[in-house]
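Subject: Structure for your files

Hello,

Here is the structure we talked about handing over. My notes on what was found in it follow below.

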Amino acid sequence: MNFAGHARHKGGDMLKKPDSVVRRCSRYSSTGIVCTLLAVVVGFCTPSSALAESSHPLISKVSAEAGDLRAECEAHPEANTKKGWVKNRFESCVHQPVYLKLLDKERQIRGELWFDLWMLGFAYDGSRRVDYFTSIEGIRAKAVPGEDPDTWRIGQSFTHYIDASSSSRNPEIAKPTESMRNSSIAELKAKPALTLTYTSPDTGSVDAANPQIVTGQVAMEMNVTSPTATPWFETNMAYSNIRFDYVGRAAGKYKGTVFTDARVELTMSLKDPEVDQSARHILDAQQFPERTFPSWVGKTVPGGNGEPLHRLIDQDKQGNNRANSIKQCNEVWGDYSGTRLECDEYPFASTKEGSLKGDNRYSVRLIDGDDNRRGGLRIQKMYEENRMLDNDPFYVKIVP
């Protein structure tokens, strides 16, 4: 989700988007990047080698319950970014190995600092809640003679924002009891983890006129201070885009929370006897669109890697898409009533890109009726398992 140009709220107050930070980083060898602590705000950079230590018990427990998210996180380069690796709509992680060089006002080095930053996120299908488990681990300090690393302090602060333009009326996010800390190296080694829970209040029931959608962002700031060195600040060390809703049965469970940056993908196999005809139709439409009906020169069909489909919840509009597709099947193949065949359409009738969108970028084909219905169940399952709301994007991938 892009917050640029939108009104932002912080704890209910209107805020401007933070100014971009000034980055001053220099290559120090083939092994990575150095970020010095200057008298201006600087960005973080990371060396290529991680300084991993044994995980904190709290983080390990949560990771084990989520299929060892932490171990998976280490294997994904995207984790070493501000957004991190968004595994799915309900799990995300950030893992940034950080290296800092502390300089005084005369630009003389006072010491070096290494640590691993972790942030695991868990959203919930069935609850308007998201949990974050953050830790600062593997801390290593090296100081010049006369400098005492025990006086260095590492700070974290979490802030939440609400995107009012894509939320329902009166959006609200309740922040954690503890959303910041400023600790010495010894304190962090003794207690590296911090747990945060964000929730969004609701009316307690489904309201057709108010889906109670709250779209927002949780952002982490960090700083390092020393009595002798100039402070280091990173106003956007890591962030997570989230959405709470209470839309009811259309999304599966009646309410829930998701990470909106997750890529949702429906996968079907050509070797799956349950839906092999549906899969073949989709693959042909994606790879050989001009050979499908309606046929026209230059035809393309969305839904692959380059262009997503978008869910359509309105049942009447879905029905109109199906009726239009069936009309096209009748025009091409004639009356097929009394057979086991049904008219299959791609993009699906349950998408904004259905056959009545008006651009003729769709395909219809007669396939086995049981296959067609099973394919429809797969689509609905994907919608519900990922809490897909109206206009949410997703992709379709066909595998051998």
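The chain has 2 disulfides, a disulfide being a pair of cysteine sulfur atoms within 2.5 Å. This is a predicted model, in which local features need pLDDT of at least 70 and side-chain atom pairs count only at pLDDT 80 or more, while totals for chains, interfaces and linings use all residues. Residues are numbered from 1 along each chain as its sequence is written, and side-chain values use heavy atoms, with hydrogens and water left out.

The link is right-handed, with 105 degrees about the S-S bond. It connects distant parts of the chain: C73 sits in helix 2 (residues 69-74) and C93 in strand 6, 20 residues apart. Helices (H or I, at least four residues) and strands (E, at least two) are DSSP runs, numbered from the N terminus. C73 and C93 are both buried, where buried means under 20% relative accessible area, exposed over 50%, and partly exposed in between (1.4 Å probe, protein chains only).

The other disulfide pairs C329 with C343, with 2.1 Å between the sulfur atoms. Its torsion about the S-S bond is about 75 degrees, so this disulfide is right-handed. Here too the pair links distant parts of the chain, with C329 in helix 5 (residues 315-333) and C343 in strand 17 (residues 341-346), 14 residues apart. Both C329 and C343 are buried. With bonded cysteines counted along the chain, the pattern is 1-2, 3-4.

A cavity is a set of points, on a 1 Å grid over the protein atoms alone, where a 1.4 Å probe fits but cannot get out; lining residues have an atom within 4 Å of a point. The lining of the largest cavity includes C93, along with K83, M119, N241 and D261. Strand 6 (91-103) and strand 13 (232-245) are the elements that give two or more residues to this lining.

On the overall build, the chain has 6 helices and 19 strands. Of its 400 residues, 50% are buried. Among contacts (heavy atoms within 4.5 Å) between residues at least 6 apart in sequence, 69% join residues at least 24 apart.

The largest nonpolar core has 39 residues, and L113, F115, Y132, I154 and M222 touch the most other members. A nonpolar core is a set of buried Ala, Val, Leu, Ile, Met, Phe, Trp, Tyr and Cys residues joined through side-chain atoms within 4.5 Å. Leaving aside neighbours within four places in sequence, the contacts of F115 include V98, L100, I139, I154 and M222. Another core, of 19 residues, lies apart from the largest one and has I282, L283, I379 and M382 among its members.

V275 lies in the loop between strand 15 (265-269) and helix 4 (276-287), and is buried, with a relative accessible area of 0%. V275 and G375 are 100 residues apart in sequence, yet 5.8 Å apart in space, C-alpha to C-alpha. Beyond neighbours within four places in sequence, V275 contacts M268, D371, R374, G375 and R378.

Regards

Definitions and conventions
1 Å grid on protein atoms, 1.4 Å probe; cavity = no way out; pocket = protein on both sides within 12 Å on 5 of 7 lines; lining within 4 Å.
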